Amino acid sequence: TELSLRNKAEHYYQQAIKTYQNNKDKMAIPSDLSFAAVNLANLYLQYYPQNDQQKGLGYADLALEVATETRQMSQVAAAYGIKADYSIKTNKNEDAEKYLLAALAALINNPMEDKGVSLSLFAKLSELYENENNYEKALHYYKQYVKVFEEVYNARKLEQAQRLEAQFEKERQKQALIHMQLEAEKREQTI
């Protein structure tokens with residue numbers, strides 16, 4: 001059942017965090033702890049009742065601390081994003097705004113910006129400002145959302161076009177090879 005899977009996920013994330021903390025000096029990749037913590041925080045946010053969600057904030061804080069130390073800016077952004085989601089759920093819009101802007105700042109400092117996270121942040125900021133009747137800021141972040149969406153869409157279309165072009169070229173070369181083989185066979189028969 002879904003409840004069983006949720007509980008197993010919680011157990012394994014907690015085990016991963018415990019294992020990391022108990023063997024910190026032996027771990028090759030320090031940022032692994034932030035990945036497990038951010039995933040566990042998100043699990044609490046998405047799949048647990050309100051009274052259990054406070055646990056998730058602790059894991060979001062852990063992820064934020066470790067990700068900041070290891071300079072994993074996408075994880076910093078994810079941790080702030082989770083904290084913003086908790087704030088939105090509890091109608092703490094000022095905190096949510098602060099966390100969303102901090103997440104956005106972390107992404108800007110990330111050389112390998114995650115466009116999916118950017119899209120989510122811009123959408124949440126736009127929605128937050130719209131709910132506060134701050135339409136100027138809502139429109140600003142919506143435009144940013146559309147801009148990133150178009151970049152992602154255009155990149156995918158370009159990738160798809162390049163893949164189709166490569167397939168076409170491969171097929172054209174294959175046909176040319178077959179044609180040359182047939183021509184060579186014809187010449188051999190006439191000799």
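1. Let me start with Q50, which counts as partly exposed at 46% relative accessibility. Keep in mind as you read that this is a predicted model. Q50 lies in the loop between helix 2 and helix 3. If you want a through-space distance from there, the C-alpha atoms of Q50 and A138 are separated by 28 Å, and these two residues are 88 apart along the chain.

2. R71 has a phi near 60°, a positive value in a residue other than glycine. R71 sits in the loop between helix 3 and helix 4 (73–89), and its relative accessible area of 62% makes it exposed. N91 is not a glycine either, yet its phi is positive, at about 60°. The loop between helix 4 and helix 5 holds N91, which counts as exposed at 66% relative accessibility.

3. Now for helix packing, where two packed helices are described by the angle between their axes and the distance between the axes. Helix 1 (residues 2–22) packs with helix 2 at an angle of about 155°, and their axes are 9 Å apart. An angle over 145 degrees counts as roughly antiparallel, so helix 1 and helix 2 are roughly antiparallel to each other. Their crossing is left-handed. On the helix 1 side the contact residues include R6, A9, Y13, I17 and Y20; on the helix 2 side, L33, A36, L40, L43, Y44 and Y47 are among them.

4. R6 lies over the face of Y48, at 3.8 Å from the ring centre.

5. How do helix 5 and helix 6 cross? The axes of helix 5 (residues 93–108) and helix 6 come within 10 Å and cross at roughly 150°. That makes helix 5 roughly antiparallel to helix 6. This crossing, too, is left-handed. Helix 5 brings residues including L100, L101, L104 and L107, and these lie in the set that meets helix 6, where V117, L121, F122, L125, L128 and Y129 are among the partners.

6. On to the rings: a search of the whole structure finds eight aromatic pairs. One of them is Y44 with Y59, a stacked pair at 6.0 Å centre to centre with 10° between the planes. The pair links distant parts of the chain, with Y44 in helix 2 (residues 32–47) and Y59 in helix 3 (residues 53–70), 15 residues apart.

7. Y129 lies in helix 6 (residues 115–131) and Y141 in helix 7 (residues 135–190), so the pair ties together parts that are twelve residues apart in sequence. Y129 counts as buried at 2% relative accessibility, and Y141 counts as buried at 13%.

8. Finally, a group of rings to highlight in your viewer. Y142, Y145, F149 and Y153 are linked by ring pairs into a cluster.

Key:
Residues are numbered from 1 along each chain as its sequence is written. This is a predicted model: local features need pLDDT of at least 70, side-chain atom pairs count only at pLDDT 80 or more; totals for chains, interfaces and linings use all residues. Side-chain values use heavy atoms; hydrogens and water are left out. Rings of Phe, Tyr and Trp (its six-membered ring) pair if their centres lie within 6.5 Å; planes under 30 degrees apart count as stacked, over 60 as edge-to-face and the rest as tilted. Helices (H or I, at least four residues) and strands (E, at least two) are DSSP runs, numbered from the N terminus. Buried means under 20% relative accessible area, exposed over 50%, partly exposed in between (1.4 Å probe, protein chains only). A charge sits over a ring if NZ of Lys or CZ of Arg is within 6 Å of the ring centre and within 35 degrees of the ring normal. Axes are lines fitted to C-alpha atoms, for helices over the stretch in contact, and angles run from 0 to 180 degrees between N-to-C directions. Angles under 35 degrees count as roughly parallel, over 145 as roughly antiparallel, 65 to 115 as roughly perpendicular and the rest as oblique. A crossing is left-handed if the near helix is turned anticlockwise from the far one by less than a right angle, and right-handed if clockwise. Contact means heavy atoms within 4.5 Å.
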